[in-house]
Amino acid sequence: MKIVINGIHANLRFSSAHMIPCHQFCGGIHGHSYHVDVQVEGERAGEFGFVVDFKKVKESMRVICKKLDHKVLIPLKSDEIKFKNTEDNVEFSIGPKEYSLPREDCYLLPLKSTSAEDLAEYFALKLYNSLNSENNNIKSVQVCVNEGIGQGAYFEKSAE
Ligand SMILES: [Zn+2]
């Protein structure tokens, strides 16, 4: 069985800025009002016959959304970004473009990019690990990170 959570209605949202280095249109810093849809598939289990408690899923997702909210998302493993500092200030260059941002305004992610695709994978793995630490009935976690309404990237993390 599968449970489904709609990110708009369940308030799994965050607003962040990012850039896709070297992309013709998305290379400049710009923002999205993201929302995250979630599906969790598994056997019904426990006292109430839940796949997983909706509350637990929403809490786990909100923790991640809150960390990213109102930050500039910076991918630490980008091939295009050359970092000079990530301590007090986040200083880096992308080709001829030099950036210096206050550390508190940034959220550094262990990703190659902050595309919807990479964020979906990031959220799905985090949620899968979080749920799997307490439940052994979860077969897969599916996350769609939407960059506003009408476009998103979907990633599924299944049990090995
Ligand atoms: Zn974008």
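**Figure 1. The whole chain, for orientation.** From the N terminus on, the elements of the protein follow the order β-β-β-α-β-β-β-β-β-α-β-β. That gives 2 helices and 10 strands, shown here in a predicted model. The C-alpha trace spans about 60 × 30 × 25 Å along its principal axes. Of the 160 residues, 31% count as buried. If we take the contacts with a separation of 6 or more, 61% of them join residues 24 or more positions apart.

Figure 2. Let's start with the length of α1, which covers residues 54-68. Which residues of α1 are buried? They are Val57, Ser60, Met61, Cys65 and Leu68. Viewed down the axis of α1, these buried residues fall within an arc of 135 degrees, so they line one face of the helix. A handy reminder: an α-helix has 3.6 residues a turn, so residues three or four places apart point the same way. Turn to the other side of α1 and you will find Lys55, Glu59, Val63, Lys66 and Lys67, which are exposed.

**Figure 3. The surroundings of α1.** The buried residues of α1 pack against several strands: β1 (2-5), β2 (13-18), β3 (30-42), β4 (72-75) and β8 (106-109). They also pack against helix α2 (116-132). Look just after α1 for His70, which takes a positive phi of about 60 degrees.

**Figure 4. Helix α2 and its partners.** With 17 residues, α2 reaches 24 Å from its first C-alpha to its last, close to the 24 Å expected at 1.5 Å a residue. Its buried residues are Ala116, Asp118, Leu119, Ala120, Tyr122, Phe123, Ala124, Leu127, Tyr128 and Leu131. What do these buried residues of α2 pack against? Their partners are β3, β8, β9 (138-147), β10 (152-158) and helix α1.

**Figure 5. Where α1 meets α2.** The axes of the helices α1 and α2 come within 10 Å and cross at roughly 140 degrees. That angle makes α1 oblique to α2. The crossing of α1 past α2 is right-handed. On the α1 side, the contact is made by Ser60, Met61 and Ile64. On the α2 side, Phe123, Lys126, Leu127, Ser130 and Leu131 take part. You have already met Ser60 and Met61 among the buried residues of α1, and Phe123, Leu127 and Leu131 among those of α2.

Definitions and conventions. Residues numbered from 1 in each chain as written. Predicted model: local features only at pLDDT ≥ 70, side-chain atom pairs only at ≥ 80, totals over all residues. Helix = DSSP H or I, 4+ residues; strand = E, 2+ residues; numbered from the N terminus. Expected span 1.5 Å × (residues − 1). Buried ≥ 20, exposed ≤ 12 C-beta atoms within 10 Å, placed from the backbone. Arc of directions from axis to C-beta. Contact = placed C-beta atoms within 7 Å. Axes fitted to C-alpha atoms, helices over the stretch in contact; angles between N-to-C directions. Parallel < 35°, antiparallel > 145°, perpendicular 65-115°, else oblique. Left-handed = near helix turned anticlockwise from the far one by under 90°.
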